[in-house]
Amino acid sequence: MSTATDPAVAAREPARALPPRQRWRPAFEFWWVQYLRTWKGSVISRFLMPVMFLVSMGLVLGDLVDERAGGVEGLPYLQYVVPGILAAQAMWVAMGESTYSVYGAIRWNRQYHAMLAAPLTVRDVLLGHLAYVALSVTFGTVVFVGVGALFGSWSSPLVLLAVPFVVLTGMAFSVPCFAFAAQVKDNTDQGFALLFRFVMTPLFLFSGTFFPVSQLPGPLQAVAYATPLWHGVDASRMLATGRPDWAGLGLHGLYLLVVLTLALWWAWRAFHRRLVV
Amino acid sequence: MIEASGLVKRFGDLVAVDGIDVSVQRGEAFGFLGPNGAGKSSTMRMVGAVSPPSAGVLRLFGMDPATHGPQIRARMGVVPQRDTLDEELTVSENIRIYGRYFGLSRAETRRRATELLQFAQLTERADAKVEPLSGGMKRRLTIARSLVNDPELLLLDEPTTGLDPQARHVLWDRLFRLKRRGVTLVLTTHYMDEAEQLCDRLVVMDGGRIVAEGSPRSLIECYSTREVLELRFAEEDLTGHARAVEGIGERTEVLPDRLLVYVADGDAASSEVHRRGVQPLSSLVRRSTLEDVFLHLTGRTLVD
């Protein structure tokens, strides 16, 4: 049945449910359009903060470290630390994109509910949003690789191969945040402040970003090895410094994929519980 | 379009919808009338194929929402109780992106956005952000957006709650036009005037059950009298007055602030009240409404 009397309507392109494999795309598109509308507000936290770390740690502190200690692990500190910051900024961007926006899409602006009233399913809503986060992390990573190159932070062109590892690291943080954000019960968003303060910041500082994990006391070393960030930092550093250990890289990749898979299962369940009631 | 039998929705121990049977035909304007908490919204969410029923059988366009959710939702439009607009996007973008969820090309969503903004009288606001719009405008935008897929069935959950009278009338006018075009409307409301204005047929819900069903006219004929005499008094306790007017009407309802006397002829009843020496502050004769039906069925008023 057509809803208008105009005969031209017969030729109108019909609305339909997209095939299941394509249905995540419009959800992705929504977040992309929204990003185009709001990107200005996030430039400082997304791009300038990592660059500030690069300059302050890599260049300024680096001079001091190189002068006093002759670099770290046989590298100038700049080339040691910036690959670590590359991985850490991915975590940073990913977590920033996966907390309030997920919570808001459930509770404030309720965009997920709008999608679910249309022919999208929970899976499409989740995958579309994650695809956007992945793109956003990739974009930030590529920009950072470019900026790092300007400062001479990379000792090998293999740093380009680090991009997929770094993005994977970001997603290994993004997906659990999706699950967490969907599970937050009360009407406060304090959970996120705690997450940033007690998860992101310690990981940023103690996952081998700024100094070798072997400098940490034993139990903390074990914690560092268990978290995804160290794996991303190590992979990024191996490649950016042109000293790849391919077996080690394989293990890092595998570890990150396992974390990602488990997190996807958790997020999928959390989304179902929250959105299908 | 909608066939439901024995439909139940439970949230833990709470039974929100307690076994209702509903059938809506193509082209009808169908209403769920009831107070807050009657189970209207839960019913709408099940009918919108977003909330799985806890028990019972539900068929939408002849399909099972458990297995054909996307196919069903592709053919309906939904105006939820709380707007789900994206406030950072523009008015037009909100419609266009929504159209993309229905597999429409970008060019087609642009065409439809122009058309729908005209319909919703929002053309001048097309490129404005949503956030500063008035409640009535946001509601019209939500309705415009829900029409982007040329729905055969439009679900409206309390479409005019919280709007001022003028905004409500503008909205009703748009809904009338849709109805004339043959769109099946299903709406919930706790406003009697809205139900009387828009619905061909409605069910009255209370406590998760359907307590009456019919056209607004037939419900009033069936459960109320032609006219109602409303008497207001200065006193707080009205039971004495209620006894004094007993027998004048078919029934007398005692509300906190007034007595309602159900009669065929209001003026005659009014004279009789005075003849009995009862002296109300004011007395008013009006026609029966669905409010009276609801009061009769449940002993409570709809909106308090």
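**View 1. Buried residues of helix 8 in chain B.** Helix 8 of chain B (residues 216–223) has B:Pro216, B:Leu219, B:Ile220 and B:Tyr223 as its buried residues. The model is predicted; local features need pLDDT of at least 70 and side-chain atom pairs count only at pLDDT 80 or more, while totals for chains, interfaces and linings use all residues. Residues are numbered from 1 along each chain as its sequence is written, and chains are lettered from A and ligands numbered from 1 in the order in which they are written. A residue is buried if 20 or more other C-beta atoms lie within 10 Å of its own, exposed if 12 or fewer, and partly exposed in between, with C-beta atoms placed from the backbone. Helices (H or I, at least four residues) and strands (E, at least two) are DSSP runs, numbered from the N terminus.

View 2. The buried residues B:Pro216, B:Leu219, B:Ile220 and B:Tyr223 cover an arc of only 100° around the axis, so they are on the same side of helix 8 of chain B. The arc is taken from the directions that run from the helix axis to the C-beta atoms. An α-helix has 3.6 residues a turn, so residues three or four places apart point the same way. B:Arg217, B:Ser218 and B:Cys222 are exposed on the other side of helix 8 of chain B. Helix 7 (192–198), strand 8 (201–206), strand 9 and helix 11 (290–298) of chain B are what the buried residues of helix 8 pack against. Contact here means that the C-beta atoms of two residues, placed from the backbone, lie within 7 Å.

**View 3. The six-stranded sheet of chain B.** An open sheet of 6 strands in chain B has the order 5-6-7-3-8-9, with mixed pairing. Strand 5 (76–79) and strand 9 (209–214) of chain B are at the edges; each has a single partner strand, so one side of each has no neighbour in the sheet. Two strands pair if DSSP finds at least two bridges between them. Strands 5 and 6 (residues 153–157) of chain B run parallel and are joined by 4 bridges. B:Val79 has B:Leu156 in strand 6 as its bridge partner.

**View 4. Strand 13 of chain B and its partner.** Strand 13 (residues 282–287) of chain B has 6 residues, and the count of buried ones is 0. Strand 13 pairs with strand 10 (residues 227–232) of chain B in the antiparallel sense, over 6 bridges. B:Ser282 in strand 13 stands opposite B:Arg232.

**View 5. Nonpolar cores.** The largest nonpolar core has 153 residues, and A:Met91, A:Phe178, B:Leu155 and B:Leu185 have the most contacts inside it. Helix 7 of chain A (residues 159–183) gives the most to this core, with 16 residues. A nonpolar core is a set of buried Ala, Val, Leu, Ile, Met, Phe, Trp, Tyr and Cys residues joined through C-beta atoms within 7 Å. Not counting residues up to four places away in sequence, B:Leu155 touches B:Met44, B:Val47, B:Gly48, B:Met76, B:Val78, B:Val79 and B:Val186. A second, separate core of 11 residues includes B:Leu229, B:Leu260, B:Val263 and B:Ala269.

**View 6. The contact between chain A and chain B.** In this view 31 residues of chain A are in contact with 33 residues of chain B. Helix 1 of chain A gives the most to the side of chain A that touches chain B, with 7 residues.
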